[in-house]
Amino acid sequence: MSNNKKAPSRRAFLSGSAAAITGTLASASTANEADPLITNVQDWASFTGDGVDETPYGLPIEFENDVIRRNVPWLTAGPISSINFTPIHALEGTITPQGCAFERHHSGAIELQKKDYRLMINGLVDNPLIFTYEDLERFPRQNHVYFCECAANTGMEWAGAQLNGAQFTHGMIHNMEYTGVPLRLLLNEAGLNKAQDLKDKWVYVEGADASSNGRSIPMEKALDDVLVAFKANGEALRKEHGYPVRLVVPGWEGNMWVKWIRRIEVSDTPVESREETSKYTDVLANGIARKWTWVMDAKSIITSPSPQKPVTHGNGPLVISGLAWSGHGKITRVDISKDGGITWETARLGNQSETKALTRFYLDTEWSGEEWLLQARAIDETGYIQPTKHQLREIRGENSVYHNNCIQTWNLKATGEVENVEVS
Amino acid sequence: IFADSKLGLGRTALPSEITAWDVDILPDGRGLPVGNGDAIVGEETFANKCASCHGDFAEGVGNWPALAGGFDTLADEDPVKTVGSYWPYLSTLWDYINRSMPFGGAQTLTSDEVYSIVAYILYSNDLIEDDFVLNEKNFQEFNMYNSNGFIIDDRKISEYPIWSKEPCMENCKKSTSITKRASIIDVTPEETSTEVE
């Protein structure tokens with residue numbers, strides 16, 4: 001049986017595992033007493049387990065109950081227009097399980113059935129159209145893996161080290177394999193001759209929810225790689241991720257990935273909606289704000305060790321694991337520093353980097369209980385190198401809220417505990 | 001541009017359907033319905049439908065957004081970004097209120113109510129007199145305080161060239177020390193951990 005208890009992870013760590021750190025050898029050790037888990041016949045080796053009719057649609061085993069979305073109540077006025085965080089500290093590989101992939105709503109996660117779903121294309125088109133959900137499934141479809149990162153990911157860290165965990169500092173992100181229809185096919189169906197020169201044209205997309213989340217997207221991007229997606233990681237979108245249809249805008253800030261998308265308007269001008277004026281604009285130190293900062297620049301984070309994933313196994317072999325991504329294309333390299341950026345070594349990419357998708361990296365190393373200042377630095381195929389927070393602040397100041405892709409520092413202590421810090 | 005031929009999917013949208021859903025207002029005022037309102041009328045509507053979250057004077061309650069004030073704070077250590085101090089276009093205010101407010105009861109306001117609430121918010125920011133009647137015609141002439149406060153994303157020029165040089169690998173700085181610690185701020189939620197018994 002299991003039950004959930006509120007307990008600070010740090011305290012659990014100290015009482016539970018600090019003792020294990022001392023005295024571990026670098027090579028395989030010998031046991032003095034036989035392990036009863038081996039020498040005694042265990043229940044699971046004798047009795048039967050669950051039948052195949054037990055779980056028509058399963059959830060993770062109870063022992064993984066800490067791999068869940070978490071939210072930070074003080075960040076927003078309430079939980080409806082708010083954010084939660086993907087448990088990236090506990091995940092591996094690159095695909096985010098949908099059930100714990102972060103949510104960001106502006107008026108809550110709505111319930112919209114396929115039979116009630118309508119998608120309108122109007123504005124500067126030859127023939128304004130209405131599609132049903134069934135219509136969308138009849139268009140040629142594509143499959144692509146892309147990251148969706150909230151523009152505000154790491155935004156709480158602009159002025160200092162604030163939240164203690166990769167989930168909280170970098171967890172406004174998920175990475176899924178989407179199945180959908182290229183937006184250009186839907187626009188083509190409505191016809192763009194009326195729009196004439198497409199270079200200066202825009203599409204305005206909005207959701208079916210009360211917030212609408214309307215955003216303006218330049219036509220060039222709309223005709224490039226934007227998808228109108230109805231499946232993620234093989235199955236229908238989750239309700240909270242836009243069921244039954246969402247926009248996928250590869251490499252661009254998550255706000256533009258309009259969920260429950262109901263309308264696409266071809267326009268001769270951006271709408272300058274609330275979500276691209278009041279929000280998702282980035283104030284610089286002089287008080288002038290950048291607008292239309294669409295692309296998410298190259299970024300990385302060491303997910304383990306991290307504050308929620310302390311080192312509990314003592315000295316010896318240690319796997320440093322992390323994620324890197326870039327809205328400009330593929331990740332070509334990730335460097336890791338253990339001394340706060342004085343020296344760097346190049347990590348191993350755990351998978352072939354796909355464009356505008358999460359990439360896993362590893363450094364297989366040894367730890368002797370010394371204090372480390374761990375950093376990762378991503379490089380993408382354009383040659384862009386992930387900057388430090390100091391470098392970002394020099395250009396932007398501390399109040400741009402969004403687009404914080406700085407190098408993160410974790411302080412691994414002799415105890416194996418890990419803390420979010422800033423370094424000089 | 002398109003190699004793809006049409007598939008003949010979907011059906012033509014009816015004018016009434018487009019009217020129902022296409023309600024966005026452009027910065028030049030296109031899309032505004034005929035109507036009007038002033039801050040005197042707007043004050044009562046605002047008190048009934050908006051003030052519980054945004055305050056009697058649009059100053060904001062608790063964590064809910066302030067809609068007024070904060071002028072000339074954008075370069076400060078803690079900028080106060082409101083409709084008055086920050087928003088570049090009046091069209092956005094009309095559009096967003098009409099489409100998405102009140103929070104939890106969106107799309108329940110009449111056009112005249114939206115005009116009057118917009119007028120009240122402008123009045124709360126000392127941008128108009130209380131008897132100024134806002135309508136679809138004079139709307140376009142209104143210049144917001146921070147209308148020149150935005151530049152288009154310039155990272156290609158201001159950042160990418162600087163951060164695209166071959167990175168340092170060794171002896172990159174003389175020393176390093178910890179300057180900030182999250183544990184000192186201590187605002188991370190406690191985790192719900194599982195104990196298996």
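Analyst: The answer below begins with the ring pairs, follows the chain around one of them, and then turns to the other chain.

This is a predicted model, in which local features need pLDDT of at least 70 and side-chain atom pairs count only at pLDDT 80 or more, while totals for chains, interfaces and linings use all residues. Residues are numbered from 1 along each chain as its sequence is written, chains are lettered from A and ligands numbered from 1 in the order in which they are written, and side-chain values use heavy atoms, with hydrogens and water left out.

A pair of aromatic rings is described by the distance of the centres and the angle of the planes. Rings of Phe, Tyr and Trp (its six-membered ring) pair if their centres lie within 6.5 Å, and planes under 30 degrees apart count as stacked, over 60 as edge-to-face and the rest as tilted. By this rule there are 19 aromatic pairs over all chains. One of them joins Trp94(B) and Tyr115(B), whose ring centres are 5.3 Å apart and whose planes stand at 65°, so the pair is edge-to-face. Trp94(B) belongs to helix H4 (residues 90–100) of chain B and Tyr115(B) to helix H5 (residues 111–124) of chain B, so the pair ties together parts that are 21 residues apart in sequence. Helices (H or I, at least four residues) and strands (E, at least two) are DSSP runs, numbered from the N terminus. Both partners are buried, a word that means under 20% relative accessible area, with exposed over 50% and partly exposed in between (1.4 Å probe, protein chains only): the relative accessible area is 1% for Trp94(B) and 0% for Tyr115(B).

The backbone around this pair has its own details. Most residues other than glycine have a negative phi, and most peptide bonds are trans. In the loop between H4 and H5 of chain B lies Pro102(B), and the peptide bond from Met101(B) to Pro102(B) is cis, with omega near -5°.

Chain A contains seven helices and 24 strands. Of the 424 residues of chain A, 60% count as buried.

A cis peptide bond, with omega about 0°, links Ser304(A) to Pro305(A), and Pro305(A) sits in the loop between strand E16 (299–304) and strand E17 (316–325) of chain A. Glu272(A), a residue other than glycine, has a positive phi near 55° and lies in the loop between strand E13 (261–267) and strand E14 (282–283) of chain A. With a relative accessibility of 3%, Glu272(A) counts as buried.

Burial also marks helix H5 (residues 183–190) of chain A: seven of its eight residues are buried, so this helix is largely enclosed by the rest of the structure. Among its buried residues are Leu183(A), Asn188(A) and Glu189(A), and the helix is followed by Gly191(A), whose phi is positive, near 90°.
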